[in-house]
Every structure is written in C-alpha cells, then in structure tokens.
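I opened my notebook to go through this structure piece by piece. Here is what I looked up, in the order I went.

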Amino acid sequence: QAARTALETLSTEAAVAIENARLYREALDRAQLDQELKVAAAIQQSLLPASNRSGTFFSTAGTSVPCRSVGGDFFDYVDVPDGRFGFILGDVAGKGAPAALLAAAVLGMFGAEASYQVRCAPLVTRLNHGLFRRAIEARFLTAFYGILGGDGSLLYSNAGHNAPLLVTSDGVRRLETGGMVLGLFEHAAFEEEAVTLAPGDVIVAFSDGVSEAMNEAGEEYSDERLLASVAANPGRPPQELLEALLADVRRFCGRATPSDDVT
C-alpha cells in the first residue's frame, strides 16, 4: 500500500511538472508573439508618411489607428512629377496581420506607380492589375486617390471607397467617381473626375472605421456626425480638424471596444 501511494504521489507530481512546463512554454510563445506584433506595428507605422505635409498650395494631416496591433488601413502622399501633390487612402478587407501585409504590398505598388503616373484612373488600374499579378487570395480593398494642383484643380478616382467629403463655402459634395473595389475583376475600368477648389476648401478622406465606429449601444458614428464635426470647426487647419474629429469619435464610442481601423 505504501509503495502504491508513493507511486501515485510521484505520478501526480510528474503530471504537475509536465503541466507547468506546458504552461511555461505557452507563456514564452505568447511573449514572443506579443514582441513580434510590437515590431510589426512599429514597421507598419514607419511605412506611413509623416502626418503633416505642406506646400505652397496645400496642407494636410493624416493618421491611422489600427484596432489590433496591426491593421489594413493605409494612406500615403506623393509629389507627382509635374509639380502636383497626390494622396491616397485605402482600406484592405479583413483585419490583423493578413490585411496589414496586403496594405504594405499596395503601398509598395503605389510608390512605384505614382512616381511616373500623372493621372488617377491609370494608377488605380495599375494597382488593380498588380493585385492579380501576385495571385493573392482575399485581396480586396477600397482606395481613393487624388491629385491636387496649385491652380486649385483636383483630379481623383474612387475605387469603391467611402466617398470623401469636399467641404466648400457653397456646401458639401461627395467624391464618388471611379469604379469598383480593387481586386474583384482583373479588367475592371476606372474613371476619374476633375473639380476645381478654392482657397479654404477642405477634403476629408476617411476609412469606414470612422463613419461606422460604434458606441456601447451599437449605434454608428455615421457620415452625418463626421460632417457635423468638420462643420463645427470652420477655418481651422487640417491638424486641428483631425484632432477634433478623432476626439469626437472617441467621445461617441465611449468604452466600446474598437471593431475596425480608423484612418
């Protein structure tokens, strides 16, 4: 009996030791994964441009806040060869690491194409073709690309993205011309539209993580609240508009857990 009890005790202690070793390995794996995600988040943020860019005829402010460590939203600025200024904002379908990897790939393609493309629709078309050349599954994304000139001209193409707001002294219009979501059809056609801006006009481009941000009651922030936030801060520079808008979204959401990237 004593020998059997001793064996049972040893078996129990061995089982506890094995379980502790398993838990320790899992803790190490989680710590390593957390560290890798921190590095990935830092790399993703480094791929984005500085928040503010200014030129003789424009000023900008932008930010991207992922709902997880990394996200599928992105934006970028580019100096177009003919002296105009280009900007893109996109939203990859899905969340987390797969979306972040595709966003990084698209930023790379955009940087290569925008260095010589002087129109919007051809560049968006090239991005769409690039997605198919790489045979990426679940490769869908929306994007808005605009090119602003010193004469007030704005050329843009909207590939299935939330239509940005153009806020002028005469009112607000949505920038909708373009085409479908990127990555859906290889030979999709995209259009572009030219509009004329005046000093003081504001373009607000955003991902659906802004307009569809939810509060604890399940209500969406909505385009109407976004517009109201912009209208409540007339004449303020882009950075102040951006900060006011983000603060308004945070107030609306309260303690609700973010469900999408905000850009």
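**Entry 1: a strand covered on both sides**

I began with S3, and both of its faces are covered. On one side Leu141, Ala143, Tyr145 and Ile147 are buried, and on the other Thr142, Phe144, Gly146 and Leu148 are buried. I noted the tally as well: 8 of the 8 residues of S3 are buried. I am working from a predicted model, so I keep that in mind throughout.

**Entry 2: the partners of S3**

Which strands pair with S3, and in what sense? I found S2 joined to S3 over 8 bridges, in the antiparallel sense. In that pairing Val92 stands opposite Leu141 of S3. S4 also pairs with S3 in the antiparallel sense, here over 5 bridges.

**Entry 3: the nonpolar cores**

Next I looked up the largest nonpolar core. It has 42 residues. Phe74, Phe110, Leu141, Tyr145 and Leu182 have the most contacts inside it. Two of these names, Leu141 and Tyr145, were already on my list for one side of S3.

Which elements give two or more residues to this core? I wrote down strand S1 (73-79), strand S2 (85-92), helix H2 (96-114), helix H3 (120-133), strand S3 (141-148) and strand S4 (153-159). H2 gives the largest share, 8 residues.

I then checked the surroundings of Phe74. Beyond its neighbours within four places in sequence, Phe74 is in contact with residues including Leu48, Ile88, Val92, Ala103, Leu107, Leu141 and Thr263. So far I had one core, but there is a second, separate core of 14 residues. Leu226, Val230, Cys253 and Val262 are among its members.

**Entry 4: helix H3**

Is H3 enclosed or open to the outside? I found 10 of its 14 residues buried, so H3 is largely enclosed by the rest of the structure. The buried residues include Cys120, Leu123, Leu127, Leu131 and Phe132. They pack against S2, H2, S3 and S4.

I also checked the length of H3. At 1.5 Å a residue, its 14 residues should span 20 Å. The end C-alpha atoms are 20 Å apart, which agrees.

**Entry 5: a sheet of three strands**

I moved on to an open sheet of 3 strands, in the order S6-S5-S9, with antiparallel pairing. Its edge strands are S6 (171-174) and S9 (202-204), and each pairs on one side only. Neighbouring strands are turned by 20 degrees against each other on average, direction ignored.

S5 (residues 165-168) is joined to S9 by 3 bridges. Val167 stands opposite Val202 in S9. Helix H5 (residues 222-231) lies across S5, S6 and S9, and runs at about 35 degrees to S5.

**Entry 6: cysteines**

How many disulfides does the structure hold? I found 0. Cys120 has a relative accessible area of 0%, so I count it as buried. Cys253 is at 13%, and since buried means under 20%, it counts as buried as well.

Note on methods. Residues numbered from 1 in each chain as written. Predicted model: local features only at pLDDT ≥ 70, side-chain atom pairs only at ≥ 80, totals over all residues. Heavy atoms only, no water. Core = buried A, V, L, I, M, F, W, Y, C linked by side-chain atoms within 4.5 Å. Buried < 20%, exposed > 50% of the residue type's maximum accessible area, 1.4 Å probe, protein only. Helix = DSSP H or I, 4+ residues; strand = E, 2+ residues; numbered from the N terminus. Contact = heavy atoms within 4.5 Å. Pairing = 2+ DSSP bridges. Expected span 1.5 Å × (residues − 1). Axes fitted to C-alpha atoms, helices over the stretch in contact; angles between N-to-C directions. Disulfide = S-S within 2.5 Å.
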